[in-house]
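Here is a short report for a reader new to this structure.

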Amino acid sequence: MIIKRVLVLFCITFAISCTNSNEPEEKIFSIDDYNTIEKQKQLLDSLLQIDQLVRNESTKAQQTFGYRSKEHNDAIAKTIRIDTQNLVIIESYLRKYDYPSIETHGRDANTAPYMILHHSPSGFGVNYRERNIKYLHKAWKEGKLRPRSNAFFLG
């Protein structure tokens, strides 16, 4: 199951980042394609899974090879790349479908948006957390986001 989720997310991120310059540009990834609860759940579950996977890899690289070793730096760079890709997807998702509830999407899918926003890259002249707080605040008011999760994000 984990391998399937990672594979789905890899395909999504690959589709977003790659185009063939010899062929006419075509839309490979579209948030509109995730128009059922099941598809949304699979997408969000996969995003959370890969978010946690790259963090575990970074920790493992640091423990194995040392802080700021080449392997650790490579893992950090990969984490930043994944965080950026996840952020693009999650912002598209929230604009289109709003915040997922535990009841309809499950706990992992419900966790994915705030965790990805929490891990959003800093810099680039944009405060991504601030830009997306409206979705989390609304979800919290509607009972879709648990108070503990909201506190974690704000903390």
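## A loop residue to start from

Asp-98 sits in the loop between H3 and helix H4 (102-105). The model is a predicted one. Asp-98 directly follows H3, and its phi is positive, near 70°. Most residues other than glycine have a negative phi. Asp-98 is not a glycine, yet its phi is positive. Is Asp-98 buried or exposed? Asp-98 is buried, because its relative accessible area is 16% and buried means under 20%.

## The chain as a whole

The chain holds 7 helices and 0 strands. Read from the N terminus, its elements run α-α-α-α-α-α-α. The chain has 155 residues, and buried residues make up 41% of them.

How much of the contact comes from residues 24 or more positions apart? Among contacts in the chain with a separation of 6 or more, such residues account for 68%.

Helix H2 covers residues 37-65. It has 29 residues and reaches 42 Å from its first C-alpha to its last. That is close to the 42 Å expected at 1.5 Å a residue. Helix H3 covers residues 70-97. Its 28 residues should span 40 Å at 1.5 Å a residue, and its end C-alpha atoms are 40 Å apart, which agrees.

How do the two helices run relative to each other? The axes of H2 and H3 cross at roughly 165° and come within 9 Å. Angles over 145 degrees count as roughly antiparallel, so H2 and H3 are roughly antiparallel to each other. The crossing of H2 past H3 is left-handed. By class, their contact has 14 nonpolar, 6 polar and 6 charged residues.

## Between H2 and H3

Two residues here have positive phi values. Arg-68 lies in the loop between H2 and H3. Arg-68 has a positive phi of about 65°, although it is not a glycine.

Arg-68 is partly exposed, because its relative accessible area is 47%, and that class lies between the 20% and 50% limits.

Helix H5 covers residues 107-118. At 1.5 Å a residue, its 12 residues should span 16 Å. Its end C-alpha atoms are 17 Å apart, which agrees.

Why is H5 described as largely enclosed by the rest of the structure? The reason is that 10 of its 12 residues are buried. These are Ala-109, Asn-110, Thr-111, Ala-112, Pro-113, Tyr-114, Met-115, Ile-116, Leu-117 and His-118. Tyr-114, in H5, has a relative accessible area of 6%, so it is buried. Tyr-114 and Ile-133 are 19 residues apart in sequence, and their C-alpha atoms are 9.2 Å apart in space.

## H5 against H2

H2 and H5 pack at an angle of about 55°, with their axes 8 Å apart. That angle makes H2 oblique to H5. Their crossing is left-handed. H2 contributes Lys-41, Leu-44, Asp-45, Leu-47, Leu-48, Asp-51 and Gln-52 to the contact. H5 contributes Asp-108, Ala-109, Thr-111, Ala-112, Met-115 and Ile-116. These residues divide into 7 nonpolar, 2 polar and 4 charged.

## H5 against H3

H3 and H5 pack at an angle of about 135°, and their axes are 10 Å apart. H3 and H5 are therefore oblique to each other. This crossing is left-handed. The contact is made by Asn-86, Leu-87, Ile-90 and Leu-94 of H3 and by Pro-113, Ile-116 and Leu-117 of H5. What classes of residue make up this contact? It has 6 nonpolar, 1 polar and no charged residues.

Ile-89 also lies in H3. It is buried, with a relative accessible area of 1%. Ile-89 and Ile-116 are 27 residues apart in sequence, and 9.8 Å apart in space, C-alpha to C-alpha.

How values were computed:
Residues numbered from 1 in each chain as written. Predicted model: local features only at pLDDT ≥ 70, side-chain atom pairs only at ≥ 80, totals over all residues. Heavy atoms only, no water. Axes fitted to C-alpha atoms, helices over the stretch in contact; angles between N-to-C directions. Helix = DSSP H or I, 4+ residues; strand = E, 2+ residues; numbered from the N terminus. Parallel < 35°, antiparallel > 145°, perpendicular 65-115°, else oblique. Left-handed = near helix turned anticlockwise from the far one by under 90°. Contact = heavy atoms within 4.5 Å. Nonpolar A, V, L, I, M, F, W, Y, C, P; charged D, E, K, R; others polar. Expected span 1.5 Å × (residues − 1). Buried < 20%, exposed > 50% of the residue type's maximum accessible area, 1.4 Å probe, protein only.
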